[in-house]
Amino acid sequence: TLICSYVDFFSDTEAFLIKNAKFKLCLQASPINKNLLLEDCNPESGFQDWSWQGNSLVNRGTQSCLSVLGADRVQTSVCASTSYTSWDCSNSLLSPLDTSLGYLVANRKGVALSDMRGLKAQWQDAEDRSVCEKKAEHNNYFTAALTSPQAYEHTAGNASLPLGMDQQKLEELLWFFRREDPSTWNYSVLALSLATLILGLLLLTINIMRNRKRKILMNREELQTVPQAELDAKQALIPAQEHSPAEPQKQELLPQDQRPGEVMVQWKDGTITSLYTGISEEAI
């Protein structure tokens, strides 16, 4: 994934025009179909921007590759298709890789494959440099970028960069896309995750133990509160039980033969006599 992103990045920055040396027209991919056209060069058009990705020429506007269909028909197609999408440079001429179909040439109808070797078979960029030179620069630059910034600086020297950026910016990009061993970072994250898990389990255990102790203390307080309430209730009933037997005793002090209507008097010496003992009811 990192290498693919790396290639995509440089393919975007290395886009160039493919201009025919004979007609001075640029190769343009049709946005409607897969045909190829020869139009006036327009650096602002994405359909005229091409870039090398390995041995393939990719159009920025359609994101498709320059391919060969049949014996001499050239068009654009999906880069992962079974068509011939790889191109080789032979004497600054473009030809399908590992085939004998001829060279890419321009005609009044567009482009085709032919054995002709002339200006019609020569393709250049906007600065009149051969497209094959662009491929060689791309391969050398990409190989140097995969090694290190120091290696590229050693090979490039004081030459101007094809991307139009300074050396410091290039080194920052190479540092960003450089592959490193992530083992240390992975082990650190794993150790941190384990420590977090252990700490979480410890806090959970402490919380559970505290809840259990709190419940035990609450149960003990409830058990102590119930007997105290029962004792208070019993103590409240004791005075009533002490005074209630006194009434029968007082009633027993009264003579058993007391008749209704008699008035009984208890003297200081404890004797009880009737107030009207001498007068009977009949006499009255």
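Me: Why is D49 called buried?

Reply: Buried means under 20% relative accessible area, exposed over 50%, and partly exposed in between (1.4 Å probe, protein chains only). D49 has a relative accessible area of 10%, so it counts as buried. Please keep in mind that this is a predicted model, in which local features need pLDDT of at least 70 and side-chain atom pairs pLDDT 80 or more, while totals for chains, interfaces and linings use all residues. Residues are numbered from 1 along each chain as its sequence is written, and side-chain values use heavy atoms, with hydrogens and water left out.

Me: What makes R60 and D49 a salt bridge?

Reply: A salt bridge is a side-chain nitrogen of Lys or Arg within 4 Å of a carboxyl oxygen of Asp or Glu. For R60 and D49 the N to O distance is 3.7 Å, so the pair passes. R60 lies in the loop between β5 and β6 and D49 in the loop between β3 and β4, so the bridge ties together parts 11 residues apart in sequence. Those strand names (E, at least two residues), like the helix names (H or I, at least four), stand for DSSP runs numbered from the N terminus. R60 itself, at 37% relative accessibility, is partly exposed.

Me: How many salt bridges does that rule give?

Reply: The count comes to 3. In another one, D128 meets K19 at 2.8 Å, N to O. This pair links distant parts of the chain, with D128 in the loop between β12 and α2 and K19 in strand β1, 109 residues apart. R129 and E133 also meet, at 3.8 Å, N to O.

Me: How do you know whether K19 and D128 are buried, partly exposed or exposed?

Reply: Just set the values against the cut-offs. K19 is at 12% relative accessibility, so it is buried. D128 is at 46%, so it is partly exposed. D128 has one more feature: a positive phi of about 65 degrees, although it is not a glycine. K24 also has a positive phi without being glycine, near 60 degrees, and is found in the loop between β1 (19-20) and β2.

Me: Which residues touch the most other members of the largest nonpolar core?

Reply: They are W50, L66, W87, L94 and W123, within a core of 21 residues. Such a core is a set of buried Ala, Val, Leu, Ile, Met, Phe, Trp, Tyr and Cys residues joined through side-chain atoms within 4.5 Å. Among the elements giving two or more residues to this core are β4 (50-53), β10 (103-107), β11 (110-114) and α2 (131-147).

Me: What makes β10 and β11 paired strands?

Reply: Two strands pair if DSSP finds at least two bridges between them. β10 and β11 have 5 bridges, so they pair, and they run antiparallel. Y103 has S114 as its bridge partner in β11, and a hairpin joins the two strands through 2 residues. Of the 5 residues in β10, 4 are buried.

Me: How many bridges join β4 and β5?

Reply: There are 4 bridges, again in the antiparallel sense. Q53 has S56 as its partner in β5. In this hairpin, with 2 residues between the strands, G54 takes a positive phi near 70 degrees.

Me: Which residues make a nonpolar surface patch of about 720 Å²?

Reply: Y187, L190, L194, L197, L201, L204 and I208 make it. A patch takes residues with over 30% relative accessible area and no salt bridge, joining like charges within 9 Å and nonpolar side chains (Val, Leu, Ile, Met, Phe, Trp, Tyr) within 5 Å. Accessible areas come from the Shrake-Rupley method with a 1.4 Å probe, and for residues only the protein chains shown count as cover. Y187, in helix α5 (residues 183-243), is at 61% relative accessibility, so Y187 counts as exposed.

Me: How much of the protein counts as buried?

Reply: Of its 284 residues, 27% do. The secondary structure comes to 6 helices and 14 strands. The accessible surface is about 20000 Å², with 55% belonging to carbon and sulfur atoms.
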